[in-house]
Amino acid sequence: MTITPDRATALAAVAILALTGSAQANDTTANLAAGGLVFTTTDAIAMQREELFISEERISVRYEFVNAGAEPVTTTVAFPMPDIRIDPYGGDVSIPSGDPDNPLAFSTRVDGEPVAMRLEQKVFVDERDVTATMRQLRLPLAPQASSARDALDALPPADRATVLDLGIAIEETYDIGQGMETHLAPDWTLRATYHWEQTFAPGRTIVEHDYVPSVGGSVGAMLGQPWAGPDDVAAQRERYCIDDDFMATVERRTRAAGPDAMPFHERWIDYILTTGGNWAEPIGDFSMIIDKGAPENLVSFCATGVTKIAPTRFEVRKRDYTPTEDLHVLILIPTGG
């Protein structure tokens with residue numbers, strides 16, 4: 001669904017296409033896709049209602065689950081974090097929280113009470129589980145933690161050779177003003193999952209969680225620029241269901257800004273909707289609100305039945321809904337020049 005300040009509703013189809021080989025402006029930051037809760041397999045619990053809110057600052061979800069049986073049902077509830085890998089060869093990744101064990105500042109409540117969750121963390125190199133080695137060497141598991149590089153550099157020679165041989169780390173050589181120096185950099189992937197055991201009594205249980213999304217972006221938008229390749233533009237239009245009205249608005253503002261100008265910043269938010277298809281029945285009542293942040297921003301995403309409910313907010317409502325595709329949101333923010 002494409003929304004511009006001049007056009008509140010437009011036809012859009014669900015389409016998912018990963019951007020490959022995309023020509024992006026400099027200073028881009030990649031985002032991490034997260035989503036909703038995952039249960040172990042059970043036919044006893046139905047999701048009667050899901051209320052999802054998405055913005056650059058916050059993602060919150062309120063679930064209403066129903067146990068229609070006569071007995072309590074206990075099952076594992078999990079929130080899988082997106083894989084975290086810091087590319088040592090360049091490229092920033094959006095990590096919103098300073099807590100290495102909770103990079104998205106994730107929290108959960110059940111019937112209004114905070115849940116004490118357990119955190120399972122595993123480290124992989126090329127799909128090989130090297131968690132035991134990491135713990136044996138007393139290395140931080142979070143590659144984004146500043147302490148990770150310090151701990152790698154502090155390894156004795158034999159352990160240094162081990163992490164290089166296993167591909168856990170690579171050597172980086174650079175000059176920061178005191179001559180050439182060689183340091184170790186993390187080259188592993190962290191996979192983490194929050195989980196807890198939840199007993200659903202007969203009747204209704206309310207589960208809520210919220211977190212700070214990993215928002216990717218670029219200082220300059222590709223759309224509307226003369227250097228943008230047609231294949232890249234087509235891929236971005238398909239990924240975000242960008243229609244002709246949206247493109248016309250972008251091109252008009254780009255022409256008005258003048259040669260070599262970048263009239264928009266890009267922001268990207270991904271959300272894994274398909275975890276909502278894991279329940280005993282389709283989601284009875286699904287609602288999603290996307291907030292573009294400011295009235296002058298442009299937003300586009302793939303959905304049908306979108307309604308503008310506020311100057312910056314757009315709502316999608318579905319009945320008996322089983323999501324089959326994940327969500328990708330593009331926000332263009334005017335640069336002011």
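The structure is a predicted model in which local features need pLDDT of at least 70 and side-chain atom pairs count only at pLDDT 80 or more, whereas totals for chains, interfaces and linings use all residues. Residues are numbered from 1 along each chain as its sequence is written, and side-chain values use heavy atoms, with hydrogens and water left out. The average pLDDT of the protein chain is 84, and 86% of the residues score at least 70.

The protein chain contains five helices and 23 strands, taken as DSSP runs numbered from the N terminus (helices H or I, at least four residues; strands E, at least two). Of its 337 residues, 48% are buried, that is, under 20% relative accessible area with a 1.4 Å probe, protein chains only. Among contacts with a separation of 6 or more, 77% are between residues 24 or more positions apart. The accessible surface (Shrake-Rupley method, 1.4 Å probe) is about 15,700 Å², and carbon and sulfur atoms contribute 49% of it.

One disulfide was found in the whole structure, the criterion being a pair of cysteine sulfur atoms within 2.5 Å. It joins Cys241 and Cys302, with the sulfur atoms 2.1 Å apart. Cys241 lies in the loop between α4 (230-240) and α5 (244-257) and Cys302 in the loop between β20 (298-301) and β21 (306-310), so the bond ties together parts 61 residues apart in sequence. The disulfide is right-handed because the torsion about the S-S bond is about 105°. Cys241 and Cys302 are both buried.

Technical notes. Buried < 20%, exposed > 50% of the residue type's maximum accessible area, 1.4 Å probe, protein only. Contact = heavy atoms within 4.5 Å. pLDDT = per-residue confidence, 0-100.
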